[in-house]
Amino acid sequence: MGPAVTVRVRDAHVYYRVYEDPVPGLKQIFAQGRARRRYRTIRALRGVSLDLHESETLGLIGANGAGKTTLLSAMTGLLPLESGTILGRCRPSLLGVSSALRPALSGRRNILIGGLALGFTKAEISSRADEIIDFSGLRDAIDRPMRTYSSGMRARLHFAIATARIPDILLIDEALAVGDEDFRRRSAQRIDEIRSAAGSVVLGTHVMDEIERHCDRVVWLDDGVLKAVGEPGEVVAAYLASTAPR
Amino acid sequence: MSDRDQQLHDLTRPPSSASYLQEAWNRREFAILVPAQDLRAQNMGTVLGQLWHIANPALLVGVYFLIFGVVIDTSRGVENFLGFLIVGVVLFHLTQRVVQDAAVCISRNLGLIRSVQFPRILLPAATLNGQTAAFVPALVLAMVAVVATGERPSMRWLALPAVLAAQFLFNFGAALLVARIGASLSDLQQLLPHLFRLLFYASGVIFSVEAFVTSPAWRRAFALNPIYDVITCARWCLVGELADGWVVAGLLAWCIALPVIGFVVFHRSEQRLGA
């Protein structure tokens with residue numbers, strides 16, 4: 001018997017209905033008579049099945065638009081599926097708190113907002129605020145409006161808020177790539193903590209260094225389907241070979 | 001399947017209604033403190049800063065004071081027209097702000113909805129709380145204006161909190177309904193200003209319906225309009241206008257029915273909100 005499953009994705013399909021806005025040539029205008037609104041269904045995920053295990057860090061790679069972000073959102077169970085199932089032993093946390101934060105307000109006030117969005121009480125946030133600020137390494141900038149932060153500083157704050165309570169299952173979407181060496185070390189530490197507590201981490205990234213540094217197993221997503229699952233070395237090599245100029 | 005795998009549960013299934021309301025209540029701080037932060041952020045870059053929360057309603061009341069109190073005299077059979085007008089404008093404004101904000105509260109927070117699990121009812125509730133808090137200075141100024149135009153506090157003022165509570169409930173129901181519709185139909189945002197322009201006249205904000213509509217049947221028809229009911233009851237409290245039983249019954253019916261309808265509509269398809 002292998003390690004216990006923490007999240008089980010079965011035959012997940014996610015479609016988006018989007019409005020296309022082509023620039024019609026004269027010919028099309030004459031042919032169609034008038035401009036017509038065109039809706040197209042984007043099949044972002046087309047039957048993905050995946051098991052995530054205890055004490056595992058899973059890498060998620062693939063070209064832009066391959067469906068990485070969609071898969072991570074779907075794993076939280078919050079993105080409506082066209083079909084398929086998502087089972088889990090608890091709800092995974094996606095590092096998505098950034099969308100709740102207000103750029104005009106200071107980092108400190110955003111810790112309150114982000115914490116409330118994650119389900120903390122005000123008292124819990126106050127008692128953890130120092131810890132969050134220390135982990136983010138932003139003590140000098142914490143009372144400045146967040147819009148004055150660099151992208152790396154914002155990523156630090158997001159990560160610090162989102163992992164203020166160490167989650168059982170953490171989904172990371174490109175959050176670490178903009179950080180400096182110090183931040184990478186801190187985030188690697190958090191990932192190890194989750195793993196040693198029998199949790200799971202999924203790391204969606206384009207930085208192959210990170211995959212090799214953290215991951216036990218890698219999934220290659222291509223145009224909404226799993227193209228390969230396996231050892232990081234092999235999958236990364238196959239992925240890189242497919243993107244190499246011919 | 002091993003024993004341990006059987007602990008897995010379906011993450012896409014919605015929570016039950018009872019635990020939903022319990023959870024929403026447990027997380028009420030979100031719906032109170034986040035809009036408070038937003039109100040602070042609103043005027044951050046301005047010279048007056050947080051003073052705008054008082055200056056803005058003061059200007060609203062002041063402009064009506066200037067035009068209808070000084071420039072033109074249009075009492076039209078209303079004893080204290082200025083007080084009558086300001087009470088109407090301020091209360092109408094509150095419902096309008098709540099509803100227009102609620103129409104975009106889902107689309108504005110889509111990123112949050114897609115990444116964090118929380119009872120989505122907190123978003124329209126936060127909208128309601130924020131706008132209601134922003135309304136308090138306007139209400140105080142309206143009461144000052146009412147006294148300044150010659151009214152004296154009376155026992156009727158004691159009924160005002162009940163009228164405002166009814167409006168709060170009605171606004172909550174309207175916010176839930178509009179938030180749900182606005183989430184799937186963004187056209188609503190364009191329609192609402194026109195709907196409110198229409199309601200502005202249908203609610204007798206700047207004229208007395210009593211003075212214009214003589215047929216009792218038509219007056220009863222006005223009682224179907226919840227905003228007219230709120231304004232008329234508040235005027236009964238503050239400036240001694242008439243409010244008949246139809247208006248009170250209309251207000252009661254709306255403030256009970258709409259939150260229930262709003263909740264059912266909002267909660268029913270909540271799981272699809274992230275789409």
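Which residues of α2(B) are buried? In this helix, B:Phe30, B:Ala31, B:Leu33, B:Val34 and B:Pro35 are buried, where buried means that 20 or more other C-beta atoms lie within 10 Å of a residue's own, exposed means 12 or fewer, and partly exposed lies in between, with C-beta atoms placed from the backbone.

## About the model

This is a predicted model, in which local features need pLDDT of at least 70 and side-chain atom pairs count only at pLDDT 80 or more, while totals for chains, interfaces and linings use all residues. Residues are numbered from 1 along each chain as its sequence is written, and chains are lettered from A and ligands numbered from 1 in the order in which they are written.

Helices (H or I, at least four residues) and strands (E, at least two) are DSSP runs, numbered from the N terminus.

## Chain A at a glance

Let's start with the overall picture of chain A. Its secondary structure comes to eight helices and nine strands, and its C-alpha trace spans about 65 × 50 × 35 Å along the principal axes. Of the 246 residues in chain A, 42% are buried.

Contacts (C-beta atoms, placed from the backbone, within 7 Å) tell us about the sequence separation too. Among those in chain A with a separation of 6 or more, 72% are between residues 24 or more positions apart.

## The six-stranded sheet

Chain A holds an open sheet of six strands with mixed pairing, in the order β5-β6-β7-β3-β8-β9; two strands pair if DSSP finds at least two bridges between them. At the edges stand β5 (93-94) and β9 (225-230) of chain A, each with a single partner strand, so one side of each has no neighbour in the sheet. Helix α8 (residues 232-243) of chain A packs on this sheet and touches β3, β8 (217-222) and β9 of chain A. The direction of α8 makes about 25° with that of β8(A), where axes are lines fitted to C-alpha atoms, for helices over the stretch in contact, and angles run from 0 to 180 degrees between N-to-C directions.

On one pairing, β7(A) runs parallel to β3 (residues 56-61) of chain A, with five bridges joining them; here A:Leu58 stands opposite A:Val202, and A:Glu56 has A:Ser200 as its bridge partner. Five bridges also link β7(A) to β6 (residues 169-173) of chain A, again in the parallel sense, with A:Ile172 opposite A:Leu203. From β6(A) the chain crosses through helix α6 (residues 181-196) of chain A to β7(A) in a right-handed β-α-β crossover, meaning that, with the strands pointing away from the viewer, the path from the first strand over the helix to the second runs clockwise.

Another open sheet has four strands in the order β2(A)-β1(A)-β4(A)-β1(B), with antiparallel pairing. Its edge strands are β2 (38-53) of chain A and β1 (9-10) of chain B, each pairing on one side only.

Within chain A, five bridges join β1 (residues 5-20) to β4 (residues 83-88), and A:Val9 stands opposite A:Ile86.

## Where the chains meet

The contact takes 34 residues from chain A and 30 residues from chain B. On the side of chain B, β1, α2 (28-42) and α5 (110-115) each supply at least two residues, and α2(B) gives the largest share, seven residues. By class, that side has 12 nonpolar, 10 polar and eight charged residues; Ala, Val, Leu, Ile, Met, Phe, Trp, Tyr, Cys and Pro count as nonpolar, Asp, Glu, Lys and Arg as charged, and the others, Gly among them, as polar.

What do the buried residues of α2(B) pack against? They pack against α3 (107-117) and α4 (122-136) of chain A together with α6 (122-148) of chain B. The end C-alpha atoms of α2(B) are 22 Å apart, which agrees with the 21 Å that its 15 residues should span at 1.5 Å a residue (the expected span is 1.5 Å times one less than the number of residues).

Key:
Contact = placed C-beta atoms within 7 Å.
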